[in-house]
Amino acid sequence: MEEEANQRILSLRNIPIFSALSEEELYEIAKRLKVIHIENGQTIIQEDEESSSFYILWSGEVDVMAKNRMIVRLLKKGEYFGEISLIGETKPTATVKAATDVSLLCLDKDSFSKALERHPKIREHIERHYYFGTYKFEKKPVMPPLPWTK
């Protein structure tokens with residue numbers, strides 16, 4: 001169990017949104033993560049349907065598909081998804097399907113919200129990526145602005 005916890009912490013440390021956190025802070029998040037396994041072809045997040053988790057790809061690959069079902073991105077180990085609908089409290093703007101058998105680290109909405117409250121740098125990083133390049137599936141922002149960005 002200790003080895004798996006260390007692997008989870010290492011996975012978190014390698015994800016840019018968590019990179020500024022201390023070992024103790026990473027451990028607090030890591031112990032809330034659940035591992036789920038999804039078979040090739042299964043839908044993980046469906047566009048315009050409720051989503052209640054943040055996912056980190058631990059193994060395998062997933063396709064991110066836009067409204068026209070065109071693949072706009074292939075995510076690999078260490079990449080994450082599901083955060084935009086949790087922060088913006090909106091429905092997902094894309095469908096995410098397993099392109100291979102995958103293992104995901106999953107953080108439920110409540111745990112994700114607590115992590116954002118305790119560590120504002122996580123939200124800042126996500127917001128920066130959304131507004132400046134990574135998440136341009138829509139033209140309108142889906143997250144409320146941070147107080148200092150008004």
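Residues are numbered from 1 along each chain as its sequence is written. Because the model is predicted, local features need pLDDT of at least 70 and side-chain atom pairs count only at pLDDT 80 or more, while totals for chains, interfaces and linings use all residues; side-chain values use heavy atoms, with hydrogens and water left out.

**Figure 1. Overview of the protein chain, with 5 helices and 8 strands.**
Helices (H or I, at least four residues) and strands (E, at least two) are DSSP runs, numbered from the N terminus. Their order along the sequence is α-α-β-β-β-β-β-β-α-β-β-α-α. Of the 150 residues, 44% are buried (buried: under 20% relative accessible area; exposed: over 50%; partly exposed: in between; 1.4 Å probe, protein chains only). Contact means heavy atoms within 4.5 Å. Among contacts between residues at least 6 apart in sequence, 67% join residues at least 24 apart. The accessible surface is about 8700 Å², and carbon and sulfur atoms account for 49% of that area (Shrake-Rupley method, 1.4 Å probe; for residues, only the protein chains shown count as cover).

**Figure 2. Strand S7 and its pairing with S4 and S2.**
Two strands pair if DSSP finds at least two bridges between them. S4 and S7 are antiparallel, with 4 bridges; methionine 65 has threonine 95 in S7 as its bridge partner. Strand S2 (residues 43-45) also pairs with S7 in the antiparallel sense, over 2 bridges, and threonine 43 stands opposite lysine 97 in S7.

**Figure 3. Surroundings of methionine 65 and threonine 95.**
Methionine 65 belongs to strand S4 (residues 62-65) and counts as buried because its relative accessibility is 10%. Beyond residues up to four places away in sequence, methionine 65 touches Met70, Ile71, Val72, Ala94, Thr95 and Lys97. Threonine 95 is part of strand S7 (residues 95-98), and with a relative accessible area of 1% threonine 95 is buried. The side chains of threonine 95 and glutamine 46 form a polar contact of 3.3 Å (a pair of N or O atoms within 3.5 Å; within protein, one must be able to donate a hydrogen and the other to accept it, and residues adjacent in sequence count only if both atoms are side-chain atoms). Outside four places in sequence, the contacts of threonine 95 include Thr43, Ile45, Asp63 and Arg69.

**Figure 4. Valine 35 in strand S1 (residues 34-38).**
With 28% relative accessibility, valine 35 counts as partly exposed. Serine 103 is 68 residues away in sequence, yet the C-alpha to C-alpha distance from valine 35 is 6.7 Å. Leaving out neighbours within four places in sequence, valine 35 is in contact with Glu4, Arg8, Trp58, Leu104 and Leu105.

**Figure 5. An aromatic cluster of Phe18, Phe54, Tyr80 and Phe112.**
Rings of Phe, Tyr and Trp (its six-membered ring) pair if their centres lie within 6.5 Å; planes under 30 degrees apart count as stacked, over 60 as edge-to-face and the rest as tilted. The structure holds 4 aromatic pairs. Phenylalanine 18 and phenylalanine 54 pair edge-to-face, at 6.1 Å centre to centre and 75° between the planes. Phenylalanine 18 sits in the loop between helix H1 (2-13) and helix H2 (23-30), and phenylalanine 54, 36 residues apart from it, in strand S3 (residues 53-59). Relative accessibility is 1% for phenylalanine 18, which is buried, and 0% for phenylalanine 54, also buried. Phenylalanine 54 and tyrosine 80 form a tilted pair, 5.7 Å centre to centre with 45° between the planes. Because tyrosine 80 lies in strand S6 (residues 80-81) and phenylalanine 54 in strand S3, this pair ties together parts 26 residues apart in sequence.
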